[in-house]
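Please read them with the structure open.

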Amino acid sequence: MLSYIIRRLLLLPIILLGVTFLIFCVFSLLSPMQRLATYVHDPGSLKSAQSIERLIDKYHLDDPFPFGYINWFKRILHFDLGWSQAANQPVWEAICQRFPATLELVLYSIIPVVLVGIWLGVISAVHHNDMLDQTIRVAAVIGWSLPTFIFGLFVLFIFYGILGWLPPCRLSPWAQDLVYTSNNFRSYTHLVTIDALLNGNIPIFWDALRHLIAPIITLSYVEWAGLLRITRSSMLETLRKDYVRTARAKGVDEHTVIHLHAERNALIPVITIAGMLIIWMLGGVVITETIFTYPGVGFWMASAAQQLDYGSVISFALLFATLMVMGNLVVDVSYALIDPRVRLE
Amino acid sequence: MNRTIRKLFSNASSLVGIVLLIIFIIIAVFAPIIAPPLSDDPYQVPRMSWNVNPQAPGFIMSDNIREVYDYMGKNVKQDRAICGTTEGGYDIFYGLIWGTRTAFKIGLITVIISAFIGVFIGSISAYFGGWIDEIIMRITDIFLSFPFLVAAMVLTTILGRGLDKVMISLITFGWMGYARLIRGSILAAKEETYVMAAKALGVKDIKIIGKHLLPNTIFPVMVQVTMNIGSMVITAATLSFLGVGAPVGYADWGQMVSFARNWIIGSPGHAGQYWYVVFYPGIFIVLFVLSWNLIGDTLRDILDPRLRGEL
């Protein structure tokens with residue numbers, strides 16, 4: 001077990017190095033002038049040709065590829081990711097400021113994905129080929145085919161346009177004033193719902209929650225469908241195993257067979273997929289936040305991409321890839337902990 | 001093979017998929033007849049008015065635009081926006097029809113090229129094994145370390161707007177799944193006696209891969225190809241929706257939905273006033289993707305040996 005974890009940990013820096021190399025290759029497609037724009041926050045300093053050349057020299061943008069990479073890599077190690085025009089602040093600062101909002105959204109979305117996805121998957125497998133199974137399957141295929149951005153617009157239309165229940169953004173104006181500008185609200189975690197509870201401020205909690213529900217629905221819907229499919233096929237396979245038949249033959253009641261005997265084994269592969277799905281959510285975050293103008297990293301990324309703010313865009317690739325590599329590691333290790341067969345491979 | 005096709009047609013859900021797909025093929029083929037182009041580039045959606053606000057279905061082309069076309073010597077055959085116009089007066093109906101061609105182009109080209117690259121890389125990796133396999137698989141891991149949408153978005157932003165750039169990005173980050181899939185199958189198949197026999201006879205490596213191994217292992221890749229056409233179209237549409245995909249005015253469903261973003265809420269007191277700006281392009285995307293997924297889903301169930309005989 002330990003050797004497996006050590007092997008995975010040793011691979012981690014190699015993968016991360018490869019990731020930065022690939023990102024730098026993409027970054028190098030830009031001209032030195034375009035790359036320079038990602039470091040300069042005062043357009044005035046780009047007026048004369050001499051100062052441009054001096055700056056290109058300063059940031060080693062015209063160096064041969066390997067040297068350029070080493071210089072760029074060094075700056076990254078110091079969290080110097082350049083200047084974001086879209087946010088009008090250093091990229092790293094902008095990331096730190098916006099990340100908690102995204103984290104809050106993703107954390108809350110995991111709950112419905114896992115609960116609903118697994119629950120429906122088990123039902124679908126137990127009622128194999130019934131009307132119920134067919135209905136759930138069709139719903140899953142439709143969910144799988146429904147682009148997040150169309151579903152999100154639909155949610156926005158129903159719950160905000162028609163019903164007016166779930167407004168976009170992260171907080172209402174009055175709550176924003178209280179949370180960000182007044183001194184009566186202390187931010188412990190920067191997750192507004194949790195901070196509100198810690199401050200004992202229930203109105204803020206409800207307001208934050210009300211703004212979160214629509215993005216959560218949007219972000220989780222497509223993922224339910226994926227998880228449901230995996231749970232269903234894994235459960236179907238397990239229900240056909242000999243030990244399940246033995247349990248039934250002994251006269252164990254159906255509820256115990258399904259929930260105690262079959263489900264436990266069937267859910268092992270599901271855990272990996274659930275981990276993967278949560279990682280995939282990172283992509284969905286960009287769409288969801290854009291639709292609901294939710295001020296997280298994703299929303300900022302979309303506007304940075306539209307404004308051709310290359311420095312921010314490249315940093316996102318770096319951030320999301322790092323998160324994904326870490327996430328994969330956690331998934332693999334937890335999988336090995338749960339299922340001893342993995343370690344032997 | 002015959003059994004597979006028979007099953008595809010006898011299963012209700014895949015039959016729906018096939019019928020939908022045939023309808024889309026007809027729309028794409030007859031696009032110039034259904035919606036005659038008004039400019040030299042047929043993928044440029046004609047405008048029906050200069051007004052920013054969307055116009056309701058049945059809107060008739062405004063006079064000042066008709067004058068422009070008359071001046072250019074174009075004969076306006078269709079002056080009624082059957083499905084209304086989206087932001088900026090772009091004709092929704094025209095965009096839907098020509099967008100079908102765009103969707104087929106994106107889906108088929110990206111999936112076929114990336115499957116080809118993936119199969120090539122994966123089969124080399126599996127067949128030669130050893131350090132070649134190790135290096136290729138680590139490179140694959142690196143490409144897999146990016147969320148697909150984010151990677152495609154970043155590369156498209158760097159390359160610049162345009163459908164060709166979108167396709168390059170989708171292919172660059174879309175081949176790894178196929179490589180892993182074919183690698184797994186070939187690793188199992190290369191131990192079979194027929195491969196040993198071919199090797200003993202001195203058949204060249206390339207010929208063994210191309211003539212013996214691939215025909216026996218390619219089927220799961222085909223299923224994956226069918227399943228991925230839909231998701232590639234979704235990703236391309238998402239890029240357009242986020243404003244980094246097709247250029248403004250290009251016949252692309254994703255972009256039509258992105259126009260809708262500002263109008264979906266409607267005006268105060270008239271919620272859903274502009275329902276048509278999202279409804280029509282949305283329904284086209286969903287049905288297109290659904291048709292591929294229905295076929296792919298059934299195909300996978302048919303070919304999955306664990307579920308064989310259960311359908």
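**Notes on the predicted model**

1. Burial in chain B. Of the 311 residues in chain B, 46% are buried. Keep in mind that this is a predicted model.

2. Make-up and extent of chain B. Chain B holds 14 helices and four strands. Along the principal axes, its C-alpha atoms fill a box of roughly 80 × 45 × 40 Å. Take the contacts in chain B with a separation of 6 or more: 71% of them join residues 24 or more positions apart.

3. The contact between the chains. Chain A contributes 42 residues and chain B contributes 42 residues.

4. The side of chain A that touches chain B has 35 nonpolar residues, six polar and one charged.

5. Helix 7 against helix 12 in chain A. How do they pack against each other, at what angle and how far apart are their axes? The angle between helix 7 and helix 12 of chain A is about 30°, and their axes are 10 Å apart. Angles under 35 degrees count as roughly parallel, so helix 7 of chain A is roughly parallel to helix 12 of chain A. The crossing of helix 7 of chain A with helix 12 of chain A is right-handed.

6. Residues at that packing. Helix 7 of chain A brings T148(A), F149(A), G152(A), L153(A) and L156(A). Facing them in helix 12 of chain A are G284(A), I287(A), T288(A) and I291(A). By class, this contact has five nonpolar and four polar residues, and no charged ones.

7. Domains of chain A. Chain A is divided into domain 1 (2-84) and domain 2 (98-307). Taken over C-alpha atoms, the centres of domain 1 and domain 2 of chain A are 35 Å apart.

8. Helix 11 of chain A. Is this helix (residues 242-249) buried or in the open? None of its eight residues is buried, so helix 11 of chain A lies largely in the open. Just after helix 11 of chain A comes G251(A), with a positive phi of about 90°.

Definitions and conventions. Residues are numbered from 1 along each chain as its sequence is written. Chains are lettered from A and ligands numbered from 1 in the order in which they are written. This is a predicted model: local features need pLDDT of at least 70, side-chain atom pairs count only at pLDDT 80 or more; totals for chains, interfaces and linings use all residues. Two residues are in contact if their C-beta atoms, placed from the backbone, lie within 7 Å. Ala, Val, Leu, Ile, Met, Phe, Trp, Tyr, Cys and Pro count as nonpolar, Asp, Glu, Lys and Arg as charged, and the others, Gly among them, as polar. Axes are lines fitted to C-alpha atoms, for helices over the stretch in contact, and angles run from 0 to 180 degrees between N-to-C directions. Helices (H or I, at least four residues) and strands (E, at least two) are DSSP runs, numbered from the N terminus. Angles under 35 degrees count as roughly parallel, over 145 as roughly antiparallel, 65 to 115 as roughly perpendicular and the rest as oblique. A crossing is left-handed if the near helix is turned anticlockwise from the far one by less than a right angle, and right-handed if clockwise. Domain bounds come from an automatic or database domain assignment. A residue is buried if 20 or more other C-beta atoms lie within 10 Å of its own, exposed if 12 or fewer, and partly exposed in between; C-beta atoms are placed from the backbone.
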